[in-house]
Amino acid sequence: MVSVNYYVALSAILFSIGALGVLSRRNTLIVFMSIELMLNAANLAFVAYARTYDTFSGQIFAFFVIAIAAAEVAIGLALVVEIYKSRNNVNIDDVNSLHG
Amino acid sequence: MTQPTYTDFYTIIPFLILIASACLLLVAELFIPKGRKGVVAFLSALGIAAALGFALTQIGASGVGFSGMTKLDGFSAYANILLLISGLLSIALAYGYIKRIGAERGEYYILLLFSLAGMMLMAQAGDLIVVFIALELLSIPLYVLSAISRKAKAEEAGIKYFLLGAFASGFIVYGTALVFGATGTTNLSAIVAKAADGANLGLLAIGAALILVGLGYKFAAVPFHMWTPDVYEGAPTSVTAFMAAGAKIAGLVALFRVFVTAFQPLAADMTNVFWALSAVTMIVGNLIAVTQTNVKRMLAYSAIAHAGYILMAFVPYGNPQVAATAIAAGLFHLAAYVIANFGSWGVVIALEKAEGKGLEIADYAGLSKKHPALALAMTVFMISLFGFPPTVGMVGKFYLFRSALEGGFPGLAVIGVIMSLVSAFYYLRIVVNMYMKDGDPEAEREPWLNFTIGLTAIATVVLGLIPQYLFLLAYNATLR
């Protein structure tokens, strides 16, 4: 059996890639995909730990995260479409009419 | 598996009433003709009032529901009442305003109900899984509400809030995964037991820190505040008022609940983190607010600064002698902030023009001559946010600074006092503009708006003169 530490290390790497992606990429859709990567990294950690502790609650949590991520996608894509309709562009740097 | 019983449902009755009325209204709204969507506002207010009635009967009650998933205690009752009153005030502020800016849709109030339900679930969470679900239930409707007017600025506010909110959710979920990894459970009470029983405290601390980052985004603590001014400025003002009160209450009560219940073993380390977070939030929020000329942005930075003051209440949370009064002071100041918050956003709504003009501080010049009552009310709110007698904001800050001193953190109290003095500059600048400069401001006269402004102004002064009942309520609400 593969030790849980490998799974957790992989999930930490995925989470960091996702967080870096959010901070460095400028296309809204890519930022969005990076956020999904962060959530799925958490799912991996949940499932790996659930096996270590031999309990279902970690897997159930992962299911909840998947369902809620889907709800977030629905809202997020609707907002992106609205932005694209009004500006013909989904680049974050071009969406900056608000500043102080 | 045990079947849920009446006792389980009783713990979250106000939440269930809100969800039920939102679902019913979602269907009923289809049959209400366009142009008469104000009916939905009254029906939503009715649902909130019913929930508020039940929440009031739950003062002093306690219980655990759904195998420890939800909790009912003085703390949740206090938060629920504060949130439901915020919901009623938000509807009163929105009623005329969204008609004026051409965004009157029945969904507005329904989304508000869903978001409010999520906020209440945050306060009642007994498990990290419930914290996460409640957080999303409060956030997703708020993303939509921010963009509901479909103006370019509102859309921008919506997408910014969405991206940073989802980013913050990622931190909370990953933090929860690490806490689960360290203890094998996500139940708040069970985490404490496991932490005392040979759990991996290092992993637990990393998980707690990630959860703190995620919640810090939600209630806008520095350095996680970058979205706040943009979103507060771009979103329709009635949504901003709701967000500035509700999301802040929910984020802070969830932080109280999670850290005081579950992360007690980390208190020694976390105290320093909270000290730094509170100090930085107060300093940055107040100093940047000084440079703002737009009233919405100024109030946004003022909201950030107030998150810093309330964070002061967390600093001594590991010290049992002081923790109870400190948290009571935090909850008291939260109520004081919420009241002045709705009042001041109400005045902003009264002066805002349909095309988004009337939001500069210079636009407030001469308000005392044309609308003396409005100017007087704004003065009361500014004085309360600044913390000067005889207002409730002064009492709240007094309790907070005193609890910081009692907890042994005089440095933090000094920073708080100095930053309050700095805040006088930008709060009183509005008062000076209203009373000492000439101008010709136009204000909208809408009955519900005037009612809200009047009510919050009276509450600010009355609670400032007789604060003991509210403080008693807050004291009974602390987690022990």
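Modeller: Contact here means heavy atoms within 4.5 Å. This is a predicted model, and by that cut-off 44 residues of chain A are in contact with 42 residues of chain B.

Colleague: What makes the area between chain A and chain B a buried one, and on which atoms does it lie?

Modeller: Buried area is the accessible area that two parts lose on being put together, summed over both. Chain A and chain B bury about 3,500 Å² in this way, with 78% of it on carbon and sulfur atoms. The figure therefore covers both sides, not one chain alone.

Colleague: Why is the pair of Glu156(B) and Arg87(A) called a salt bridge?

Modeller: The rule asks for a side-chain nitrogen of Lys or Arg within 4 Å of a carboxyl oxygen of Asp or Glu. In this pair the closest N and O atoms are 3.9 Å apart, and 3.9 Å is within 4 Å, so the pair qualifies.

Colleague: How many residue pairs are in polar contact across the interface, and which elements of chain A touch chain B?

Modeller: Five residue pairs are in polar contact there, both partners at pLDDT 80 or more. On the side of chain A that touches chain B, the elements giving two or more residues are helix H1 (4–24), helix H2 (28–53) and H3 of chain A. H3(A) supplies the largest share, 16 residues. By class, that side of chain A has 30 nonpolar, eleven polar and three charged residues.

Colleague: Where does the lining of the largest pocket come from?

Modeller: Let's start with the pocket itself: its volume is about 750 Å³. Of its 29 lining residues, the closest to the centre are Phe66(B), Ser67(B), Met69(B), Ile129(B) and Val130(B). Helix H3 (57–87) of chain A and helix H6 (128–146) of chain B are the elements that give two or more residues to the lining. H3(A) gives the most, five residues. The lining divides into 15 nonpolar, twelve polar and two charged residues.

Colleague: Which omega goes with the cis peptide bond from Val222(B) to Pro223(B)?

Modeller: Omega is near 5° for that cis bond, and Pro223(B) is in the loop between helix H9 (201–219) and helix H10 (227–234) of chain B. The bond from Pro389(B) to Pro390(B) is cis too, with omega near 5°. Pro390(B) is in the loop between helix H16 (372–386) and helix H17 (392–406) of chain B. Most peptide bonds are trans.

Conventions
Residues are numbered from 1 along each chain as its sequence is written. Chains are lettered from A and ligands numbered from 1 in the order in which they are written. This is a predicted model: local features need pLDDT of at least 70, side-chain atom pairs count only at pLDDT 80 or more; totals for chains, interfaces and linings use all residues. Side-chain values use heavy atoms; hydrogens and water are left out. On a 1 Å grid over the protein atoms alone, a cavity is a set of points where a 1.4 Å probe fits but cannot get out, and a pocket is an open set with protein on both sides within 12 Å along at least five of seven lines; lining residues have an atom within 4 Å of a point. Grid points are joined across faces, edges and corners, and a volume is the space filled by probe spheres set on the points. Helices (H or I, at least four residues) and strands (E, at least two) are DSSP runs, numbered from the N terminus. Ala, Val, Leu, Ile, Met, Phe, Trp, Tyr, Cys and Pro count as nonpolar, Asp, Glu, Lys and Arg as charged, and the others, Gly among them, as polar. Buried area is the accessible area (1.4 Å probe) that two parts lose on being put together, summed over both. A polar contact is a pair of N or O atoms within 3.5 Å; within protein, one must be able to donate a hydrogen and the other to accept it, and residues adjacent in sequence count only if both atoms are side-chain atoms.
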